[in-house]
Amino acid sequence: MQIKAPRGTYDILPPDSDKWQYIEKVLRETAQLFGFQEIRFPIFEHTELFERGVGETTDIVSKEMYTFRDKGDRSVTLRPEGTASCTRALIEHSAYSGVMPVKWYYTGPMFRYDRPAAGRFRQFHQFGVEAFGSHSPQLDIEVISLLVQILANLGLKEYELHLNSVGCPKCREVYRQKLVDHIRPVKEHLCKDCQIRFEKNPLRVLDCKVNTCHEAITGYPVIYDTLCEDCREHYSIVQKGLQEIGIPYQHDNNLVRGLDYYTNTAFEIHLPQLGTASAIGGGGRYNGLVHECGGPDIPGIGFAIGLERLLLALENELSALNKPGCVFVAVFDKTYDMDGLKLVNQLRKDGFAAERDTTGRSAKAQMKFADKLGARMAIILGKDEMDNGYYTLRNMESKEQITVKPKDLNSTIKKILA
Ligand code: AMP
């Protein structure tokens, strides 16, 4: 029986892998412009890290984790996101004792046992950043503007930036009470999950994707109305900063992250054209997380972008991706196979992308093959060329042919490629 990739996973084959390399390059380079450096952390961690760092009442932890016991009978989990690992690494390496803020980015596969659908996979990829060590709203502005700059550098225009503040543990407690009072009379109409959420962490009811839950709690109080003075001030500076640098956003009362260590700014990027999987990325402040994970009281803020959804959104922009094109060495007489080998080897050493036939094609078939490879030119080695010490150089686009002396070969190729 044929073995296929597990449900919810997929292969990335060429030429799609070119698109992945391209967006990853833009993501890295843009993050570096903003002073973020790469962190690489394990694909699996102790399960407890996510229970504490993501939160036991979240869908990720309660339903979606790939958790298993290893041969040493330890419970380990394939990482479902990156913030918890960054936080662990910050604490483990006391990275906060150096220059602050600590600014990291990461990219790689994440794993969630979710129901596969359009734009939803079990192994998917995220690019994320985390910045630790500053309470200032100026850092929030920097992080959000990085997200926006990434989208701009990728050529994405039609998106919405949603923004809210979820306050601090103090003012959120006031909100929590208001929300509980609002939901309690309609509690019976909530889905099973939300009935549990209501008892354990009522703010999480607002995150529920089930329509009937939304209908049941309609008219619920909004968190903005209960923000304390400090939180209001923080939020207003973030908004002012975004306005100052011309970043449009919309205040969104429904954008709530229900866990205690999330504080102040929350934001999300939506692409309405993607339908049900419209969120391509989001993030926020998590001033309580480092402490929750056993570290000192250090604030943080970050975001993560889903790369599959980003690629979906960029389908048109990426279809015209320019490939640099290679040089094809065509050997028209088998006697010169080794000369072809030596030439292609030298061209690669000199930094040119070079290709040749390794399957025994005829001269005509080699030229067709060169076209398929997208070669910009072919260097032809035949009897006449070898006897007289020159190469025939064929421009694959214009079909023009010239003769070139070996000493002029590299400079001529450079000219044509330019
Ligand atoms: P989250 O860590 O849940 O805030 O997700 C951040 C981003 O990752 C989302 O906006 C999505 O773009 C992406 N994402 C989350 N879960 C999945 C999934 N199962 N499949 C594909 N992308 C996902």
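Ala, Val, Leu, Ile, Met, Phe, Trp, Tyr, Cys and Pro count as nonpolar, Asp, Glu, Lys and Arg as charged, and the others, Gly among them, as polar. This is a predicted model, where local features need pLDDT of at least 70, side-chain atom pairs count only at pLDDT 80 or more, and totals for chains, interfaces and linings use all residues. Residues are numbered from 1 along each chain as its sequence is written, and side-chain values use heavy atoms, with hydrogens and water left out.

**View A. The shell around the ligand.** By class, this shell holds five nonpolar, four polar and four charged residues. Of its 13 residues, Arg-112, Phe-121, Gln-126, Ala-279 and Ile-280 come nearest. A residue is near a molecule or strand if one of its heavy atoms lies within 4 Å of it.

View B. A ligand nitrogen atom is 2.8 Å from a polar backbone atom of Phe-121. A ligand oxygen atom is 3.1 Å from a polar backbone atom of Ala-279. For Gln-126, an N or O atom in the side chain is 3.1 Å from an oxygen atom of the ligand. On its own, the ligand has 490 Å² of accessible area (Shrake-Rupley method, 1.4 Å probe; for residues, only the protein chains shown count as cover). The protein covers 84% of that area. Strand 6, strand 10 and strand 11 each give two or more residues to the shell. Strand 10 gives the most, with three residues.

**View C. Strand 11 and its partners.** Helices (H or I, at least four residues) and strands (E, at least two) are DSSP runs, numbered from the N terminus. Two strands pair if DSSP finds at least two bridges between them. Strand 6 (residues 123-132) runs antiparallel to strand 11, with seven bridges. Here Gln-126 has Gly-306 as its bridge partner. Strand 10 (residues 279-285) also pairs with strand 11 in the antiparallel sense, over five bridges. Gly-282 stands opposite Ala-304.

**View D. The two sides of strand 11.** Buried means under 20% relative accessible area, exposed over 50%, partly exposed in between (1.4 Å probe, protein chains only). Gly-300, Gly-302, Ala-304 and Gly-306 point one way. Ile-301, Phe-303 and Ile-305 point the other way. All are buried.

**View E. The faces of helix 7.** In helix 7 (residues 192-200), the buried residues are Cys-194, Arg-197 and Phe-198. Seen down the helix axis, they fall within an arc of 105 degrees (taken from the directions from the axis to the C-beta atoms), so they line one face. The face turned away from this buried side carries the exposed residues Lys-192, Glu-199 and Lys-200.

Definitions and conventions
A polar contact is a pair of N or O atoms within 3.5 Å; within protein, one must be able to donate a hydrogen and the other to accept it, and residues adjacent in sequence count only if both atoms are side-chain atoms.
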